[in-house]
Amino acid sequence: MKNEKEIRISKFMSLILRHHPEKIGIALDEHGWADVSKLVEGIAKKYPFDMKMLEKIVREDEKQRYAFNADHTKIRASQGHSIPVDVELKECEPPEYLFHGTGEKYLASIRKQGLLPQGRLYVHLSPDTDTAYRVGVRHGRPAILVVKAKEMQEQGHVFYLSANGVWLTASVPVEYLVFPEEQ
Ligand code: HQG
């Protein structure tokens, strides 16, 4: 079980490894990898932190957000980046339907524009409605959209499955979305 301190550090790690490595004076390589010793050193300037704690946070992360390389000298986030890194995502054939949890307040705009990646590199899609619900409530009153993923792929859209089970695609045009009132 992670305690509050570990949750705070884990959130900070997400920020560093997905969005702002420069905040602790480190850089990611083109595949999103950070040097483990530099990461530990950088975080330790802000929080009490060491390699053992890093190993624990990575091991116990409920979404398996982070991955080490084989000898644990490098670490990266498996998805969720805003900075353009190539985390060697696996192109995959999606199931017939995927789901997107969002805030009800965004629906009007999504009806006009479809799903856009906003601050991230990809639109994030969930394999089931429970997961989508958990993503949606982060944005206030949640709404779940059904995405006709298979049809999208058949018509040329590319889907990726991240190392930790999140489906990613560049954008979802409105015609592939089923809105709550149509479900
Ligand atoms: C919305 C978490 C207006 C979109 C989760 C979402 C996920 C639009 C918000 C991962 C729009 C962006 C990503 C449009 C999309 N108009 N709003 N045209 N198109 N949106 O946080 O998907 O815990 O960047 O619906 O589990 O909520 O961080 O994306 O509500 O996998 O590991 O714009 O983050 O993972 O919000 O979440 P976000 P998200 P972690």
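A polar side-chain atom of His 124 lies 3.2 Å from an oxygen atom of the ligand, a polar contact in the sense used here, that is, a pair of N or O atoms within 3.5 Å. The protein covers 87% of the 780 Å² of accessible area that the ligand has on its own, the areas being computed by the Shrake-Rupley method with a 1.4 Å probe. This is a predicted model, in which local features need pLDDT of at least 70 and side-chain atom pairs count only at pLDDT 80 or more, whereas totals for chains, interfaces and linings use all residues. Residues are numbered from 1 along each chain as its sequence is written, and side-chain values use heavy atoms, with hydrogens and water left out.

Around the ligand there are 18 residues, of which the closest are Lys 63, His 100, Thr 102, Ser 109 and His 139; a residue belongs to these surroundings if one of its heavy atoms lies within 4 Å of the ligand. In the side chain of Lys 63, an N or O atom is 2.7 Å from an oxygen atom of the ligand, while Gly 114 places a backbone N or O atom 2.9 Å from a ligand nitrogen atom.

Thr 102 belongs to strand β5, residues 97-103, where strands are DSSP runs of E with at least two residues and helices are runs of H or I with at least four, numbered from the N terminus. Thr 102 is buried, at a relative accessible area of 4%; buried means under 20%, exposed over 50%, and partly exposed in between, with a 1.4 Å probe and protein chains only. Beyond its neighbours within four places in sequence, Thr 102 is in contact (heavy atoms within 4.5 Å) with residues including Leu 107, Ile 110, His 139 and Arg 141.

The domain assignment, which is automatic or from a database, divides the protein chain into domain 1 (4-77) and domain 2 (98-182), and their C-alpha centres lie 27 Å apart.

Helix α2 spans residues 36-44, and its buried residues are Val 36, Leu 39, Val 40, Gly 42 and Ile 43. These residues are on the same side of α2, because they cover an arc of only 165° around the axis, taken from the directions from the helix axis to the C-beta atoms. They pack against α1 (4-19), β1 (34-35), α3 (51-60), β2 (66-68) and β3 (74-77).

Val 158, finally, is found in the loop between α6 (149-154) and β8 (160-161), and with 31% relative accessibility it counts as partly exposed.

Note on methods. A polar contact is a pair of N or O atoms within 3.5 Å; within protein, one must be able to donate a hydrogen and the other to accept it, and residues adjacent in sequence count only if both atoms are side-chain atoms.
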